[in-house]
Amino acid sequence: MKKNEIVKKTQDFQKIISLKKQFVSNNLILYYVKSDSFQIGISIPKKFINAVGRNYLRRQIRSIVSSIDYKDMKFKIILIIRKEYMKLSYLEKEKEIVKFLERLTKR
């Protein structure tokens, strides 16, 4: 993933979340909005895990998303991690994210 494909600013996060278009599961919450290019933001609450663990999960998610052909997707996405997500294996995490992104492309 390139740097310009990552949402970093708090204002951008709030703008996408305030539109309230979302998919929800026990492990993830995905907010999205149509855009002219693909961007993703990842949010992991501080109370779940320390900074090292949060960065590890972000790297995992970025590698999962980059393994998928996301160039066709024209969305800005915010992924919010729930506590149960951290207990999953890598393959289960990958399945969960792929399932959400497939639902998103069908819209």
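F23 and Y32 are both buried, where buried means under 20% relative accessible area with a 1.4 Å probe and protein chains only. Y32 comes out at 7%. This is a predicted model, in which local features need pLDDT of at least 70, side-chain atom pairs count only at pLDDT 80 or more, and totals for chains, interfaces and linings use all residues. Residues are numbered from 1 along each chain as its sequence is written, and side-chain values use heavy atoms, with hydrogens and water left out.

Now the rings. Phe, Tyr and Trp rings (for Trp, the six-membered one) pair if their centres lie within 6.5 Å; planes under 30 degrees apart are stacked, over 60 edge-to-face, and the rest tilted. That rule gives 3 aromatic pairs. One of them is F23 with Y32, stacked, at 5.3 Å between centres and 20° between planes. Y32 also pairs with F75, edge-to-face, at 5.9 Å and 85°. Why does this pair tie together parts 43 residues apart in sequence? Y32 lies in strand β2 (residues 28-34) and F75 in strand β4 (residues 75-81); strands here are DSSP runs of E, at least two residues, numbered from the N terminus. F75 is buried too, with a relative accessible area of 6%. F23, Y32, F75 and F100 make up one aromatic cluster.

On to the sheet. Its 4 strands form an open sheet in the order β1-β2-β4-β3, with mixed pairing; two strands pair if DSSP finds at least two bridges between them. The edge strands, each pairing on one side only, are β1 (22-24) and β3 (39-43). β1 and β2 run antiparallel, joined by 3 bridges, and F23 stands opposite L30 in β2.

Technical notes
Buried means under 20% relative accessible area, exposed over 50%, partly exposed in between (1.4 Å probe, protein chains only).
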